[in-house]
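Here's a quick tour of a few packing details. Have a look at the model first, then read on.

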Amino acid sequence: MDSILNDTLISVVMGIRYRRDNTFLLRRALDSILNQTHTDLEIIICERGSNSIAKSCLIEYAKRDDRIYIIDGSKTSSFSEQLNLCLSVSRGKWIARMDDDDYSFPERLELQLDFLKRNPQYAFVGCESLLIQDGKEIGQTDFPNEPVVKDFLFTQPFIHPSLVFRKEALEKVGGYLGIPRCDRCEDYDLLLRLYEKGMRGYNIHQPLFAYSVPPKGITNRNFHDRINETRTRFVRFKELKLLPWALPYVIKPIAVWIVPKKLLVYLKNRTIKK
């Protein structure tokens, strides 16, 4: 791949470990990027440990569209390392995220790129997202347009796979931290490190993305993941000089684990815009 950056090329980076019985979601995700109104893009996929049908699907897509590049991620040990490997070979001035079980609306990248070009004060941009559960739309996010540090205390005010970054911003903070503490919370850590450096993000107040959430009453995070998030919160909040007053928010992930599932579902539903 040519290393020359151009002003319109968007590098869409994906870390994939796809193990579902069929490739419907993977195909939907890839098609949603390939069919963007903004066509000057590349999709860089670091694949690690997917099943045979997913690997065949990726090979099929890469043969059909030369904008797709597949990287062998078998030597990586975390999602952060997969994404960093994608970043290391990306050619674009702009870095977009995408996951294999979500999908982007056709104008997503066009509108996000236009926003960043018109607003150089922002390092990255997200958008509102439809929330998809068990194949059905259950509502949408309702984020602040211009999140500040305090908006990160209870939860993250961005959907990670909906973001488009200035590549130079990611380079300034060294990309994702590929350390055990950041497993399953690499996005939260990254965004707060950007904020530590005085960089900011913005949410376009319209849904340009569809985000898959776990089935009702089920969490996709185990207790070890909660410990990682608690440790990450402590480190990042300390660097941002939010301690000691923000300590209750540091232990929030563990508190969530203890809360009865029915109560947690009720509280989550109250945050969803119907």
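In H1 itself (residues 24-34), the buried ones are Leu25, Leu26, Ala29, Leu30, Ser32, Ile33 and Leu34; buried is under 20% relative accessible area (1.4 Å probe, protein chains only). Helices (H or I, at least four residues) and strands (E, at least two) are DSSP runs numbered from the N terminus.

Bear in mind that this is a predicted model, where local features need pLDDT of at least 70, side-chain atom pairs count only at pLDDT 80 or more, and totals for chains, interfaces and linings use all residues. Residues are numbered from 1 along each chain as its sequence is written, and side-chain values use heavy atoms, leaving out hydrogens and water.

Now to asparagine 203, which sits in strand S9 (residues 201-212). With 0% relative accessibility, asparagine 203 counts as buried.

| Backbone atom reached by asparagine 203 | Distance |
|---|---|
| nitrogen of cysteine 127 | 3.4 Å |
| oxygen of proline 144 | 3.2 Å |

Leaving aside neighbours within four places in sequence, asparagine 203 also has Phe143, Pro147 and Phe158 among its contacts, a contact being heavy atoms within 4.5 Å.

Technical notes. Buried < 20%, exposed > 50% of the residue type's maximum accessible area, 1.4 Å probe, protein only. Polar contact = N/O pair within 3.5 Å; in protein donor to acceptor, adjacent residues only side chain to side chain.
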